[in-house]
Amino acid sequence: MRRADADVIVIGGGPSGATVAAEAARVGARVIVLEKRQGDSPSRAGVIQPRVLELLDARGLMGRFREAAQHWRPDFEIPRYIYAGLTGLRYDLLDSAHPYALILPQTTTEHLLRAWAAESGAEVRRGVTYVEHTEDADGVTVTALDADGATVRLDARFLVGADGARSEVRRRAGFPFEGREAAMTAVSVDADLTFPWAASMQMRRNENGWVLAYPFGHKTTRFIIVAEARRTTPRDEPVTIDEVRESLRAIFGEDFDITSAKWMSRYGDTHKMTPYLRRGRISLVGEATRVHYPASGIGMNYCIQDAFNLGWKLGLVAAGDAPESLLQTYDDERHPVLRDLMDDVATQCALHFDFSPGGLALKRFVETELIPVPEVNAILRDRLSGFKTTYHRGGDPHPADGTRVGDFRLGDRRYTEVAAGSAFVFAERAAGAPAARALPPRVTWVLDDDPGFTRELAGASAALIRPDAYVARAWTATPSGSELDTAYAEAVGRGARTGLTSAGH
Ligand SMILES: Cc1cc2nc3c(=O)[nH]c(=O)nc-3n(C[C@H](O)[C@H](O)[C@H](O)COP(=O)(O)OP(=O)(O)OC[C@H]3O[C@@H](n4cnc5c(N)ncnc54)[C@H](O)[C@@H]3O)c2cc1C
């Protein structure tokens with residue numbers, strides 16, 4: 001039974017909540033987002049990673065993200081990235097239209113994502129704080145408080161907790177949150193200081209710790225500092241300018257005339273995760289499902305990828321075009337990816353935070369001897385960029401099955417142009433294709449006569465591509481109508497989908 005107020009209520013209008021709302025709304029769900037803040041959140045994440053750039057491109061959003069980044073700083077593309085605080089990751093070698101990390105403050109990213117959610121048809125209500133919910137066979141009832149303290153009650157079929165690391169939805173819904181508390185803390189500072197070097201990014205390390213510095217807007221420098229002497233400082237102890245100057249002196253060996261900062265934050269390496277991402281009518285997305293040290297700036301990016309995975313599924317289910325069982329594939333596909341992410345963050349932290357003589361020697365060895373090895377570089381950059389994630393079917397899949405789709409020429413357009421106005425895309429080599437097809441619902445059919453098409457899709461002559469730009473099914477030979485119908489049914493949770501596995505990031 002369809003509830004009155006919305007199909008989906010999303011708690012939290014941060015990167016995860018805004019993205020899941022946009023993705024569900026664009027395929028037809030009625031979505032309300034409740035966000036407790038009326039102003040901006042502090043700008044934590046500073047970069048958008050290549051896979052997220054591809055996904056934004058598939059929604060026609062890259063123009064506005066690049067324009068915002070350009071306004072922020074002219075050299076906003078970072079073609080050489082870091083891993084565990086070490087240099088040399090060759091993002092410029094990624095096979096993508098976006099072989100770089102894009103520098104943009106999270107505040108701006110959130111503005112753009114919320115605007116997109118609203119354009120997609122979601123209603124974003126600010127100043128409304130989720131308090132609790134009840135769940136029954138038909139849906140959920142959410143109780144919230146508006147900015148005047150008045151109680152608001154809303155009914156919906158599904159509830160999404162996108163309310164961040166301290167998620168109240170997670171707590172109220174009884175999801176376990178397992179792992180360990182923070183063992184150390186680090187500091188991030190947006191200092192009022194013109195960036196003092198010619199290079200766009202600077203990194204230093206010694207026995208006293210590690211610092212990353214880069215320009216972050218007009219006359220602002222972002223410093224990320226892991227200071228050996230301060231690592232056990234409790235998270236709630238305020239950061240002071242004196243502490244920042246002292247740490248920079250010890251690690252950089254020089255003083256900076258920092259007198260003020262726009263933002264200073266102390267954060268820890270708490271490492272916790274939920275054992276599943278959904279239960280009944282409640283799904284969690286983004287940091288509501290895990291917290292970890294923001295190693296190499298990938299946290300928000302995996303949150304946004306979660307949201308792209310969940311959004312279209314919720315939208316199709318809510319619109320009555322897919323069974324509720326489709327939602328389970330969100331957990332089946334993303335949970336293994338997130339477990340790998342947590343392991344990867346732990347690996348990076350072990351290397352990154354060891355400033356002993358042995359630890360420093362190991363860093364030198366990894367940086368100078370291992371990271372430059374092309375195969376090692378490829379493994380590490382695929383993990384961080386998000387390119388390693390695949391959603392494979394079991395059985396005997398085509399090599400392109402479950403793989404990510406970037407941009408490529410498709411017919412007389414680009415894939416991203418077609419995807420921006422579509423749910424599923426069925427791309428097919430013109431040679432051998434029938435003149436007409438009865439298509440499953442929600443599928444845009446594009447014929448292509450360019451051989452480059454098959455290179456993009458591992459030699460396939462046809463591929464059904466999901467809304468989140470992963471191949472649902474690829475074929476070597478032109479599929480019959482019933483083969484296409486079966487593949488579509490499986491992709492929307494109607495058919496038997498056996499042995500699903502996802503490879504981590
Ligand atoms: C210092 C630091 C640096 C970082 N740097 C990077 C980086 O460079 N790259 C990167 O990818 N990631 C980085 N991260 C991680 C990134 O900030 C998070 O992964 C990201 O913000 C998570 O997005 P989210 O939408 O899941 O949660 P959040 O951003 O926390 O959003 C949750 C939203 O829910 C709202 N909310 C909470 N409770 C309620 C309620 N009861 N009712 C209504 N609304 C509610 C909040 O106001 C908030 O807007 C960094 C994090 C830190 C701390």
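This report covers the overall fold and the ligand site of a predicted model.

## Basis

Local features need pLDDT of at least 70, side-chain atom pairs count only at pLDDT 80 or more, and totals for chains, interfaces and linings use all residues. Numbering runs from 1 along each chain as its sequence is written, and side-chain values use heavy atoms, without hydrogens and water.

## Overall fold

The protein has 13 helices and 29 strands (DSSP runs: H or I of at least four residues, E of at least two, numbered from the N terminus). Its radius of gyration is 23 Å, close to the 23 Å that the globule rule gives for 505 residues, so the protein is as compact as a globular protein of that length. The radius is taken over C-alpha atoms, and the rule is 2.2 Å times the number of residues to the power 0.38.

Of the 505 residues, 58% count as buried (under 20% relative accessible area, 1.4 Å probe, protein chains only).

## Ligand site

A side-chain N or O atom of Glu35 lies 2.6 Å from a ligand oxygen. For Arg37, a polar side-chain atom is 3.4 Å from a ligand oxygen. Tyr130 places a backbone N or O atom 2.9 Å from a ligand nitrogen. The protein covers 91% of the 990 Å² of accessible area that the ligand has on its own (Shrake-Rupley method, 1.4 Å probe).

Notes:
A polar contact is a pair of N or O atoms within 3.5 Å; within protein, one must be able to donate a hydrogen and the other to accept it, and residues adjacent in sequence count only if both atoms are side-chain atoms. Buried means under 20% relative accessible area, exposed over 50%, partly exposed in between (1.4 Å probe, protein chains only).
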